[in-house]
Amino acid sequence: MKVSKFGGTSVASAEQIKKVANIIQNDPKRKIIVVSAPGKRFESDIKVTDLLIRLAEAALNTGEAEEELQVVLARYEEIAIGLGLDNEIVEVIEADLRERLQLNREHHELFLDQLKASGEDNNAKLIAAYLKSIGLNGKYVNPKEAGLWVSDEPGRARILPEAYENLKNLRAVDGVIVFPGFFGYSKEGTIVTFARGGSDITGSILAAATHAELYENFTDVDSVFAANPKIVENPAKIKRMTYREMRELSYAGFSVFHDEALMPAFRHSVPVCIKNTNNPSAPGTMIIAEREYIQNPVIGIAADKGFSTIYVRKYLMNRELGFGRRLLQILEEEEVSYEHMPSGIDDTSVIIRNHQLTEEKEKQIIQKIREQLEVDDVFIEKGFAMVVLVGEGMHNTLGISARATTALTKAGVNIEMINQGSSEVSLGFGIHEEDTDKALRSLYEEFFSMKTIMQ
Ligand SMILES: Nc1ncnc2c1ncn2[C@@H]1O[C@H](COP(=O)(O)OP(=O)(O)O)[C@@H](O)[C@H]1O
Ligand SMILES: N[C@@H](CC(=O)OP(=O)(O)O)C(=O)O
């Protein structure tokens, strides 16, 4: 039995959904189908999840959101007409959205999650209806009835371990299960969504719980590439990689698969295959526990913008017991998590993602560090990017960092920070944001020129 997840681009239009149905028909082992909300049909298009966020915000800010609601409904209506479905399904979706808009708005984040989750929920209903209409026994299953329980953290839910036992029962359902991705229910019965891009997580959880032989993740590219294809021209295809490599690369910027989606599949030894809905016969990328890495110590290079550095300097910092703990405690109090913390004798930098900071938080952090730690200097600098080399074979191969720094220097990229992950499968460089593409291209050239297919 396989679990197959179809991402936003795979279910963005009637034409795409017909391809999905073909893929399901071609392999009877595809028993559980996880779907996203309709995504982008073309580059400048807007994902339904983003339309739903606009809808929720309009309702919260002005109390009036009819126009925004109609834009969302138009997307579903167009799909339903293209699939030859009657208007009943659109009426079901409209009633559902109107009901959600009546929910309690006091807790903004929870209200937002109810609307965000409707994108996948209603698309799952629509796709199940279509599968039925073409003679496939499509069955919409709601995460509540399946027992997909998650933590009560709006917009960043985590699976509760006991949910796996409930979800195991999905194996016994006959027909093709169509399951909405991206959200679960708290023990109190409230909808809570995973982080953005989180339908991948749902798929992985279901594959793990049902002991699927394979978790297929269908998207719009033939494979995972060694670098972002939007920045590097014609990058090498990755045939096989390990869970750990994919997790590192996803976290560092490979948006093709969510980093939190690796762990459930890994823990239950379910291999993952990234495949293309528009070219399903292409073999895709297999994500497995181990790979041969003698030939290719580096498997991929990711880059991501949007980092800040909190720079702290204090003479004899190295001798002050508990300095690091107290510094991180200040961040904890402000609910800010950190990425890296490279340190010298008298100074340290804490690298964090910008989206965690607000003007108010920045002020608080600086003030607390200055007063509580009595430092000589502290400031926050924005506009950093991280470019990260990943590969299981890196720790066994001499000279990777020398080659990387030489390539970056030749390209005129100033290295602000170097971070060798303690797992030794990654090596990261902090650089200025404006150098990101240049840095990625120069590292790609250094480690991948002359190669077309990875092992
Ligand atoms: N290294 C990479 N390999 C493959 N795709 C990548 C990579 N980095 C970024 N991407 C982008 O990820 C996109 C697919 O992810 P996403 O848009 O989330 O798809 P989906 O709609 O299927 O969820 C691709 O179209 C590609 O532009
Ligand atoms: N629709 C949600 C969840 C998701 O996984 O979407 P996609 O498959 O389009 O990345 C989002 O946009 O965040």
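## Terms and basis of the model

A polar contact is a pair of N or O atoms within 3.5 Å; within protein, one atom must be able to donate a hydrogen and the other to accept it, and residues adjacent in sequence count only if both atoms are side-chain atoms. This is a predicted model, in which local features need pLDDT of at least 70 and side-chain atom pairs count only at pLDDT 80 or more, while totals for chains, interfaces and linings use all residues. Side-chain values use heavy atoms, with hydrogens and water left out, and residues are numbered from 1 along each chain as its sequence is written.

## Annotated binding site

The unreviewed UniProt entry lists Lys5, Phe6, Gly7, Gly8, Thr219 and Asp220 under "binding site". These residues span 216 residues in sequence, yet no two of their C-alpha atoms are more than 12.3 Å apart, so they gather at one spot. Such annotations may be inferred rather than shown by experiment.

## Lys5

Lys5 lies in strand 1 (residues 2–6); strands are DSSP runs of E, at least two residues, numbered from the N terminus. Lys5 is buried, at a relative accessible area of 6% (buried means under 20%, exposed over 50%, partly exposed in between, with a 1.4 Å probe and protein chains only).

The side chains of Lys5 and Asp200 are joined by a polar contact of 2.7 Å.

## Asp220

Asp220 belongs to the loop between strand 7 (214–219) and strand 8 (224–225). With a relative accessible area of 40%, Asp220 is partly exposed. Its side chain makes a polar contact of 3.4 Å with the side chain of Thr219.

Note on methods:
Chains lettered and ligands numbered in written order. Helix = DSSP H or I, 4+ residues; strand = E, 2+ residues; numbered from the N terminus.
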